[in-house]
Amino acid sequence: MLAKRIIPCLDVDNGRVKKGVNFVNLTDVGDPVAIAAEYQKQGADELVFLDISATNQRRKTTINMVEKVSRQVFMPLTIGGGIKSVADMDRLLKAGADKIAINSAAVANPELISQGAQKFGNQCIVVAIDVKKDAGQYFVYVNGGRKKTNLDAISWAKKVVELGAGELLITSMDQDGTKDGFDIKLYQSINQVVDVPIIASGGAGNVSDFSQAFLEANVDGALAASVFHFGELTIADVKQFVKSKGVVVR
Amino acid sequence: MFAIVDYDTGNTRNLKKALDYLNIENQLTADEQTILDAQAVILPGVGAFKPAMQALENRNLVAVLQQVKKNKIPILGICLGMQLLFESSEEYGYTKGLGLIKGNVKAIPKRQLKIPQMGWNQNQTFIKTSFPIDQQYTYFVHSYYADCPLENIVAGVDYGQLIPSLVQNNRVIGMQFHPEKSGRVGLNLLKNFQRMVIEDDFSSN
């Protein structure tokens, strides 16, 4: 059986991990290679790096970072943030990324999804969707959650898969940072309309949040940042617990 | 020296990085003589079967890889590279493969499962092997699988049905998963392949 994936997410600026990661044994808390290696040791199934660099110059350093991480860490790497063209995707994949996540650029130019999928295969293209509820309806937000669109999140999920997205990374902005658990209803609704893997993001606070997302919403992976970075939970804690609830993990 | 066949498909560099990390001397090459002089040949690949066979054909590598087998040089095919070792594939219409192992490549039946199979799955061995793979998880990304005789299936995973994950016909070996993306387990499998090459020990039963 295919295992459910536990995925730490790292914010990267200018080739360094932002918002320090608080592992006791790391002296350089911003070093992406050391952090990635530590997560590999802990048993992470995949890593997501989100480039939050504001300028093109700083973004270029992300390519070097991917190059370095993939020389030392041997698990799937997804890179997102600021990717606007097939050429951007190509550079990151050549540097060692396995998957590319696009968000605002996919909304601005949906063709980018199909162009990427045709060139690199559907499995390379992850569409990230930031979602916020308004009057009972889920809306898509862009520009790092700062700008609301009039796109319905469920219909948009369906559309991007038709265009060639091989995986969806869905962040609930309402849950993000609350540690109140994942938005189960959101993932159930999206799982009904698409047949590609879904990664849930936003709201992870304790081990039972993960088992709930897997068992009740049948998501394929669950992503979290701060609970892992600050050692509140280890990957092993999460895996041990969800396993005891009958979820298959590595 | 291990030759990694360079035919402009998918991400061969990550495989190279894994071999470099393991200190296995290797070279990315499409040169006929370099491939035929290699200690072992690795055929990587991501993408679709038909354009990959076309790319090999364009570089005159189909005959070279068949010669590699005749010369008893070990070959390791990875992911699409493993599928190319078989006789044919039905991906986007019938396409002839390298024919180094008996069997045909078919689409994974959809049933209730998501296609591609993307993620970590647990291997079970069916044949005695020195590959340290039994009960281990490896990372898969694929929509097609090898339909081949049981005698060549060293290990497999359950994805609605048996999916061969490690196949072997003497010195021809195929891995459906990505060893270069399967953490410590994957690195150990590559290391084991290197040992088999050095000791010329390809026995399995």
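This is a predicted model: local features need pLDDT of at least 70, side-chain atom pairs count only at pLDDT 80 or more; totals for chains, interfaces and linings use all residues.

1. The contact between the two chains comes next. Chain B contributes 27 residues and chain A contributes 35 residues. About 2400 Å² is buried between them, with carbon and sulfur atoms giving 56% of that area. On the chain B side, Lys114(B), Met118(B) and Trp120(B) supply 32% of the area that chain B buries against chain A, more than any other three residues.

2. Polar terms across the contact can be listed briefly. There are four salt bridges between chain B and chain A, and 15 residue pairs are in polar contact, both residues being at pLDDT 80 or more. One of the salt bridges joins the side chains of Lys181(B) and Asp98(A), at 2.8 Å from N to O. Helix H1 (12-21), strand S8 (117-122), S10 and helix H6 (183-199) of chain B each supply at least two residues of the side that touches chain A. S8(B) gives the most to that side, with six residues.

3. His142(B) sits in strand S10 of chain B. Is His142(B) buried or exposed? His142(B) is buried, because its relative accessible area of 4% falls under the 20% cut-off. The side chain of His142(B) makes a polar contact of 2.9 Å with the side chain of Gln117(B), and also reaches the backbone oxygen of Tyr144(B) at 2.7 Å. Beyond four places in sequence, the contacts of His142(B) are Gln83(B), Ile108(B), Pro116(B), Gln117(B), Ile163(B) and Gln176(B).

4. Ala146(B) belongs to strand S11 (residues 144-147) of chain B. At 2% relative accessibility, Ala146(B) is also counted as buried. Setting aside neighbours within four places in sequence, Ala146(B) touches Met82(B), Phe86(B), Asn104(B), Val105(B) and Pro164(B).

5. Phe126(B) is placed in the loop between strand S9 (124-125) and strand S10 (137-142) of chain B. With a relative accessible area of 43%, Phe126(B) is partly exposed.

6. Over all chains, the structure holds 25 salt bridges. In one of them, Glu46(A) pairs with Lys99(A), their closest N and O atoms being 2.9 Å apart. This pair links distant parts of the chain, 53 residues apart: Glu46(A) is in the loop between helix H1 (32-42) and strand S3 (47-51) of chain A, and Lys99(A) is in strand S5 (residues 99-102) of chain A. Both ends are buried: Glu46(A) has a relative accessible area of 1%, and Lys99(A) is at 2%.

7. A salt bridge of 2.8 Å, N to O, joins the side chains of Asp88(A) and Arg91(A). These two residues are separated by about one helical turn, because they are three residues apart in helix H3 (residues 86-95) of chain A. Arg91(A) is partly exposed, at 43% relative accessibility.

8. Glu232(A) and Lys179(A) form another salt bridge, with the closest N and O atoms 2.7 Å apart. Glu232(A) lies in the loop between helix H9 (226-229) and helix H10 (235-244) of chain A, and Lys179(A) in the loop between strand S9 (167-172) and helix H7 (184-193), so the bridge ties together parts 53 residues apart in sequence. Glu232(A) is partly exposed at 41%, as is Lys179(A) at 36%.

Technical notes:
Residues are numbered from 1 along each chain as its sequence is written. Chains are lettered from A and ligands numbered from 1 in the order in which they are written. Side-chain values use heavy atoms; hydrogens and water are left out. Helices (H or I, at least four residues) and strands (E, at least two) are DSSP runs, numbered from the N terminus. Buried means under 20% relative accessible area, exposed over 50%, partly exposed in between (1.4 Å probe, protein chains only). Contact means heavy atoms within 4.5 Å. A polar contact is a pair of N or O atoms within 3.5 Å; within protein, one must be able to donate a hydrogen and the other to accept it, and residues adjacent in sequence count only if both atoms are side-chain atoms. Buried area is the accessible area (1.4 Å probe) that two parts lose on being put together, summed over both.
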